Structures are given as structure tokens and as C-alpha cells.
Amino acid sequence: MASLLRTNLRLARISIKENRTRSFLTCLGIAIGVASIVLILSLMGGISNLVKNEVNEIGSDLIVVRPNSSKDSVTSVIEELTSSNSFQNSSLNVSDVEAISKIEGVNAVAPIAISRNMINSEKNNLPSTQILGTNLDFIKIEPLAMHYGSFLSENNEEKSVVLGRTLSLALFNTINSTIGKTIEIMGEKFMIVGVLEEVDKSINFDNVDFDNAVIMDIKSLSKITDSVQIQQINIKAANTDVLGQVSNEISDALVKQKLGDRNFTVSYGDQISHPASSLFTIISGMLTLVAAISLVVGGIGVMNIMLVSVAERSHEIGVRKAVGASSRNILMQFLFEALILSILGGLFGLILGYILAFIISTITPFAPYISWSIIALTFLTTLAVGIIFGIYPALKAASKNPIDSLKHYR
Amino acid sequence: MEENLIELKGLTKSYGYGDAKYFALKDFDLSIKRGEFIMIMGPSGCGKTTLLNIIGLLDRATRGEYLLNGENVISISSRRQAKLRAKKIGFIFQNFNLIEDLPVIENVALPLVYTGYSKTAQLKNASSILKRFHLQEREYYLPYQLSGGQQQRVAIARAIVGDPEIILADEPTGNLDSRSSRIVMEELKAIHEEGNTIIMVTHNPALTVYATRVINMLDGQIDTDVKTVADQNLPQPVNVKIKKRKKARRK
């Protein structure tokens, strides 16, 4: 059996070598499909890693509560896409924040509510700018560095805002002398008390682009917009040992608060790094689907070329059967050839995908993520493609009548 | 008396339906003993090749009985057919039917690939057979680099490498000049003298001198059947030789 396998392997090699150009083009088809999958997975992995690293930086004592959509995810994402405000129907509210802050072992609780609105300053007007509503605990949980001024404090809770660095530049063309100036949102005036240091992490677990955001107290935010939707609550536990216990207590408290509804998720540790937005998941899923389609096209290429190969080698099949090859032997021979073609393509695609990922990563803030799971997935996928698209030509070869096949001359 | 190697009873092969029905073989009866060298002659379309294909388990009869070594093989699975082809039957064709992409030695070793020989044993056996045909220097030539006569000798080597019980030859000299034909026939004669059973289809009456039995076919039936050598004088296989070759087998 082992000898037969080796023979098949060698025969596949001979056949692929004989038809070099054809085999190369077929492999290329598979390679492009695999490369796009690898590219997407490694970049998505890179993004997840970025968030994971950020969570690690903030500390392992972080607990995050996120709302669950009561509807199925696709509908909610479409809703999210079509509405101007993300988490239009968040299940979290300000009273939840208060409930959590009463739990023992919780050091700080900060809600994160996002709104978008027009901002006017004396110099420029910016449409649709991200406004983050939170509370004073926010800075205790996430140590954002201040470039100038200070974060919101008890003295200036109301009517004060902190600007992101890029936003400050956009509004006043400066970052140093914006303190004390005012901006106007929905007719309300707010005084700038601080400007953040550059964060340069547009992707993070808060789903907030701090460089381009206005930070204000959540109570002020609720005054200028009709409904404040809390997309996330960040919690700092007293110490890491009680993380599990505290998160359970938060869970219980929220269930009680919501009269039994479990429409939220409490996560800590690695779970947090799962990208905050389901939009992200859907987009990556769709991209992978598109890549999978190109892989299917590559697979059809393999099938096509194998059918040609079977037709061309009718005579050989006849000879082999005449000297004692069973249909199964012939099946294995051609299936092997298809497998080798697609695995070669997969290998090629893996390399190509990573090269592309590295090229792309030079202009993005994250490094591509290389893992054994992606390599294993690629291998299994190409194996499956080889079998799925190789089985029909192989069956066709195996079912050939030896007498008719022998009549085919080269 | 030893039982017949091949026993055909009422063998019929038909093609088509109704008015267009055509019989390639019609109630064909034939017994073949070990060690016979049978030449089958007859006009084109008389069913010679069909008969050879059925004996060689490449084709199935429409009805009738075919006993090979006493075993009825008419309705066995195609997998078992393939196994029997690999172990008991060697084919020689008019157009050699070598695989163009494989070197001579691997063409010869082909039947061994499907009978569980190790790679080394395959090549060893093929090499020793090629030596016998004085082709040892051309082991790694590709078929197109050989003359027709050499190619046919390679094909004969392939037919006997697995030590089959029956060698079936379909006009083996049909594509060869007279000199190559003679060499090929001498080889077949030598193989026969070692006790092998050969069934050969030919159009050339001059070749019947090599045969121990000549069968003339007409319209799917036997027309004449002449034995030139008495049954008890047929060469019988030397068991030692078989054992020696089987030794190389793994397991």
C-alpha cells in the first residue's frame, strides 16, 4: 500500500512536470484563492492582536460589559449600517452603571456612549464628529495621556470637554492653545479643558477613535441628544484574582436590574479582544466569502485540467487496467494528481498571501498575524478543494472501459 | 488428468438490440490445457479479439461459462477481475501499448505495481527480465527511443514479469517487419517452452509453425481446431522458476 502511494506520488510529479505551464496556471488559480484567504485572515488576526495587546497594556483587571442585540446578528448589523447611531437600541443604560458601581470589588466603572454630531468652533465647523460620553472614572480605567490641560474632573464635570489631538488641530489649527476656548454642539457651548496626547490606535476595544473624538460627561451628552446609547461599560476590578467572581456578580446584578433579561455580555481577559463591533465580524466574514469564491474558481480550474488530463491519458488508463490496475487504483492515481496540484497551489498561495499581507501592513498600524491555525486551515482547505474538484475527473478515469481506452492512440 | 486451465462453455457475446443484434461470439466452447500454444486465426470480425478480451477478463460475455483454474469468473466483481488480470494474465498487443512517459524498466514493472511488490522488488524483477531480452542497457530509455521490435520485446517482458498463467497476444507481430517478427516469435517460443500457456491471435499463417494448436474461427464460432502436439507432450511449468520470482515478494 505504501509502495502504491509512493508510486502515485511519483506519477503525479511526472504528469505535473510533463505539463509544466498548464500545471502552473492551475496552481495559480488555487494560489490566488488561498492567498486572498490568508491575506484576510492574517490582517484580521493582526487587528485582533492589536486590540489584545491594548487590553494587556491597560491591565488584566479589566471587565467589559457589552449589549447583545435581541435580534439575530445580520438584521442588527443592517440596522446598524442604515442608522446614523450605532447601537440604536442598546440594552445598557445609566442605571446599570450605577448598579455595577455598588458591587464590591469594583474600583471604577465607566460607560462609553457614542454619539455623532456637528461641532462648531470659532474657526471651523466639523460635521458628524464622534462624541464620547463617559464619566470621571474613565481615566482611572484607561490611562490616556494628556498632551495639554487635564481630563474632566469634579469641578468642571458639566460644560467641559476634552479633545483628541487630531480633532483639536482640525477645529483650531493648533493643539497648544485650545484650552479655555469653546466649541458649540447643538447650540450648547462647551469649554475645552484638555487635549489628549496622540493615541494613534483607531482600532481598539472601545471602538472609539480617540484622536478624532470629543470626550464629555455622559450627563452633558444626554442633555444635547435625545437618547444616549451605551455601547460598552468598562469596569476595573480591585484585583485580578476576583475577576471571575466580580464578573459573575455584575452579571447577576444586571439580570436583576433588567428583570431577568440576559441581553448583555460580561467579558474579561482575552474575550475582550474580540472586536467590539459585529460589523467587523460581518465584513471579515464577507471578505472571506469572496475569497472562498475565488478558491472555488481555482478548484474548477483543477477539475478542468484534470478532465483534460484524463482524456489525454485514456490510452495509459487502458494499459494500466489491462495489466491489472483496478478502478480504485486508477481513481487514486488521478485523485492524487489533483491533490498535489491543489496543495502546491495552496503552498504557493500561503507564501503569496503573507507577502501581500506584509506589504499592506507597511501602511496600516498593525502587523499581519501568522499562526499555525491559519497554515493548518489553508492546508485543510486546499486538501478539501483537491478532493472535491478532483473526485469527478478521477471517477471518470476509473470508470473508463479498458478496451475502448486502449483504442485511443496518442 | 489435470483439469483444464481454461474452460469456456456456451460463451456468447452480442452487441446491439433487436434487428441490429450482432453476435461476436455464439455458443463458443473451448478447453485449454496448461502449456498449450494456441494460434487463433480467422477473418476480420470473426470474434478473435473479443474472445481474447473475454479470456483476459477485460470484457464480459453476455452469457455462458468461463472457468479459470476451475473457478467460474464470469460474474466476479471488476475488482477481483483486475486482481486476476494482475496475477494470472499477461497481455501483448499489436501496437505494444507501452506508457510513453515511463522509462522501459517501469513499463515492464507495471503489473507488479498492482500486486503489492515493493519498489525495489519491482525494479529488480523488471531488470532481470529485461536482461533476458538483452535490453538491460536500455532500462531507462523512453519507449519512443526504441525500435518497434525492441518495444514489442519490452511489452513481452511486461507480460511475463508477473509470472502469469496465461499470456494473451493480439497480433504481436502485426506492426513489425519480418526480422523483428522472427525475433519476437522466437522469444514467445522460448517462453512457451518454459511451460507457459500462450493464446495468440494472428493473420499470418506462416506463424502457425510455432503453435501446438491452431483454431480457425468463423462468425463467432470455431471452424477448425487442429492440435499438432499431443496433450501429454505439452511443456509444463517448472515450479522452481516460479518460486524464485515470488521470493522477491514482500509480506
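**Helix H5 of chain B and its surroundings**

Okay, let's start right inside chain B. The buried residues of helix H5 pack against strand S6 (89–92), helix H3 (104–113), helix H4 (119–132), strand S7 (166–170) and helix H6 (178–193), all in chain B. Keep in mind that this is a predicted model.

So what is H5(B) like as a helix? It covers residues 148–161 of chain B, which is 14 residues, and spans 20 Å from its first C-alpha to its last, close to the 20 Å expected at 1.5 Å a residue. And why call H5(B) largely enclosed by the rest of the structure? Because twelve of its 14 residues are buried. If you want to find them on screen, the buried ones include Gln150(B), Arg153(B), Ile156(B) and Val161(B).

Two packed helices are described by the angle between their axes and the distance between the axes. For H3(B) and H5(B), the angle is about 25 degrees and the axes are 7 Å apart. An angle under 35 degrees counts as roughly parallel, so H3(B) is roughly parallel to H5(B). Their crossing is right-handed. Who's doing the touching? On the H5(B) side we have Val154(B), Ala157(B), Arg158(B) and Val161(B), and on the H3(B) side the residues include Val104(B), Asn107(B) and Leu110(B). Sort that contact by class and you get nine nonpolar residues, one polar and one charged.

H3(B) comes up again when we look across to the other chain. In total, 21 residues of chain B are in contact with 22 residues of chain A. Helix H2 (78–88) and H3 of chain B each give at least two residues to the side that touches chain A.

Last stop, chain A. Here helix H1 (residues 2–18) packs on helix H11 (residues 327–361) at about 60 degrees, with axes 9 Å apart. That angle makes H1(A) oblique to H11(A). The crossing of H1(A) and H11(A) is right-handed. Among the residues that meet there are Leu9(A), Ala12(A) and Ile16(A) from H1(A), and Met332(A), Phe336(A) and Ile340(A) from H11(A). The contact of H1(A) with H11(A) comes out at eight nonpolar, three polar and one charged. That's my tour, thanks.

Notes: Residues numbered from 1 in each chain as written. Chains lettered and ligands numbered in written order. Predicted model: local features only at pLDDT ≥ 70, side-chain atom pairs only at ≥ 80, totals over all residues. Helix = DSSP H or I, 4+ residues; strand = E, 2+ residues; numbered from the N terminus. Expected span 1.5 Å × (residues − 1). Buried ≥ 20, exposed ≤ 12 C-beta atoms within 10 Å, placed from the backbone. Contact = placed C-beta atoms within 7 Å. Axes fitted to C-alpha atoms, helices over the stretch in contact; angles between N-to-C directions. Parallel < 35°, antiparallel > 145°, perpendicular 65-115°, else oblique. Left-handed = near helix turned anticlockwise from the far one by under 90°. Nonpolar A, V, L, I, M, F, W, Y, C, P; charged D, E, K, R; others polar.
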